[in-house]
Amino acid sequence: MVGFVVVSHSGKLAEGVVDLAGMMAKDVPVAAAGGMEDGSFGTSFNKIQQAVERVYSEDGVIVLMDMGSAVMTAEMVVEAMEGKNIRMADCPLVEGAVTGTVDASVGMPIEEILLDLEKVSSQKKM
C-alpha cells in the first residue's frame, strides 16, 4: 500500500492533517514531518527522511508539502534516497492527504494516485 508523508513548517499542522487522513483511511500508513527537532517552526531533512522510512514499502511513498522550504527540503530527501519509489505531489495539503489516502486505501497504485492528486488543485469548494 502506498504510504504518505505530510511535511509542514508546523508540527501541529502536520499532525492534524495526519489525524484527519487517518479518520478517512485508517489502514494507510501516514507520517507527519512538521517543524524542527526542537518543536520550532521550519522543515527538517532528518524528520522528513525518518518519516519516509517509517511508511516506506515497495508500493512507494507520496510526500505532500505545505509551501516554500518544505518543498525544497522534501526534494533534497527524495534525491538523497535515490532508487526508492518516493514521489512528491503538487496539491493542496489537506485535500491531497485525504484524497490520496482514500485512493491508497482501495489499492490504487502510486501513478494513479498522483494523477488523481493533480485534479485536487482545480477542485472548487463552492
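1. A nonpolar core is here a set of buried Ala, Val, Leu, Ile, Met, Phe, Trp, Tyr and Cys residues joined through side-chain atoms within 4.5 Å. In this predicted model, the largest such core has 22 residues, of which F4, I62, L64 and L117 touch the most other members.

2. As to where that core comes from, β1, α1, β3, α4 and α5 (110-120) each supply at least two of its residues, and α5 gives the most, with five residues.

3. I62 deserves a separate look: leaving aside residues up to four places away in sequence, I62 touches V2, G3, F4 and V5, then R87 and A89, and also I110, I113, L114 and L117. A second, separate core of 16 residues includes V52, A70, A74 and V77.

4. Helix α2 (residues 45-55) has I48, A51, V52 and V55 as its buried residues. Seen down the axis of α2, these fall within an arc of 100°, so they line one face of the helix. The elements against which the buried residues of α2 pack are the strands β1 (3-8), β2 (30-34), β3 (61-65) and β4 (86-89), together with helix α3 (69-80).

5. Helices α1 (residues 11-24) and α4 (residues 93-105) have axes that come within 9 Å and cross at roughly 35°, and the crossing is right-handed. On the α1 side the contact is made by L13, V17, L20, A21 and M24, and on the α4 side by L93, V94, A97, V98, T101 and V102. By class, this contact has 10 nonpolar residues, one polar and no charged residues.

Conventions. Residues numbered from 1 in each chain as written. Predicted model: local features only at pLDDT ≥ 70, side-chain atom pairs only at ≥ 80, totals over all residues. Heavy atoms only, no water. Buried < 20%, exposed > 50% of the residue type's maximum accessible area, 1.4 Å probe, protein only. Helix = DSSP H or I, 4+ residues; strand = E, 2+ residues; numbered from the N terminus. Arc of directions from axis to C-beta. Contact = heavy atoms within 4.5 Å. Axes fitted to C-alpha atoms, helices over the stretch in contact; angles between N-to-C directions. Left-handed = near helix turned anticlockwise from the far one by under 90°. Nonpolar A, V, L, I, M, F, W, Y, C, P; charged D, E, K, R; others polar.
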